[in-house]
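Welcome! Take a moment to look over the sequence and the model, and then we will walk through a few spots together.

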Amino acid sequence: MSHGSTPLPSPARRRLLGSALALTAGAAVCSTSRAAIGTGPAPDFTLRSTAGSNVRLQEQRGQVVMVNFWATWCGPCKIEMPHLVRLYDKYRASGFQLLGVNIDDDPRNASASAAKLGITFPVLLDGDKRVAKLYELSTMPTTLLIDRDGRLRHVHRGYRDGYEQTYDQQVRELLKA
């Protein structure tokens with residue numbers, strides 16, 4: 001079974017899309033692309049976490065960082081989340097950090113959904129979409145892998161079954177470097 005990506009909708013379309021995703025769970029929603037990019041520095045940002053503290057990307061230097069942009073209205077995001085939790089639990093003691101950047105307008109939705117999904121990694125709040133714009137986000141979910149030196153190494157747009165093996169392999173390679 002494949003799960004597609006979800007383009008970012010307007011608020012009105014988001015409500016309709018949420019209903020449509022609920023009805024089409026398990027079906028491909030949109031096309032998905034996955035691309036490796038160069039070794040440029042990942043743009044820095046600071047966001048508040050659901051725990052109340054500020055988290056700055058640049059302060060994660062020295063670790064391999066995965067940044068996963070997600071939303072409560074995104075069906076593929078919810079399907080992908082248990083895989084991300086397992087990946088985080090598997091590698092966090094080895095210098096791996098996973099930051100879930102939620103783009104919901106209402107932070108209460110993000111907190112409630114994170115608890116329901118059993119998310120163990122930090123969830124950051126980007127309700128004004130400032131960081132989503134910084135990374136030119138066009139698809140949900142979008143997952144970035146950043147090396148220990150702060151260079152953006154991989155971008156995955158959307159989610160399909162099997163991406164978790166790709167994530168695992170790429171994280172292992174970056175941890176070894």
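The expected span of a helix is 1.5 Å times one less than its number of residues. Keep that rule in mind as you explore this structure, which is a predicted model.

**Helix 5**
- Helix 5 covers residues 163–176, which makes 14 residues, so the rule gives a span of 20 Å.
- Several residues of helix 5 are buried, among them Tyr163, Tyr167, Val171 and Leu174.

**The disulfide**
- You will find one disulfide in the structure.
- Cysteine 74 and cysteine 77 are its partners, with an S to S distance of 2.3 Å.
- The link between cysteine 74 and cysteine 77 is right-handed, with 80° about the S-S bond.
- Cysteine 74 is buried because its relative accessible area is 0%, and buried means under 20%.
- Cysteine 77 is also buried, with a relative accessibility of 0%.

**Lysine 129**
- Look for lysine 129 in the loop that runs between strand 7 (123–125) and helix 4 (130–134).
- Is lysine 129 buried or exposed? Its relative accessibility is 17%, so lysine 129 counts as buried.
- Leaving aside residues up to four places away in sequence, lysine 129 touches Ile103, Asp104 and Asp105.
- Isoleucine 103 is 26 residues from lysine 129 along the chain, yet their C-alpha atoms are separated by 6.1 Å.

Conventions
Residues are numbered from 1 along each chain as its sequence is written. This is a predicted model: local features need pLDDT of at least 70, side-chain atom pairs count only at pLDDT 80 or more; totals for chains, interfaces and linings use all residues. Side-chain values use heavy atoms; hydrogens and water are left out. Helices (H or I, at least four residues) and strands (E, at least two) are DSSP runs, numbered from the N terminus. Buried means under 20% relative accessible area, exposed over 50%, partly exposed in between (1.4 Å probe, protein chains only). Contact means heavy atoms within 4.5 Å. A disulfide is a pair of cysteine sulfur atoms within 2.5 Å.
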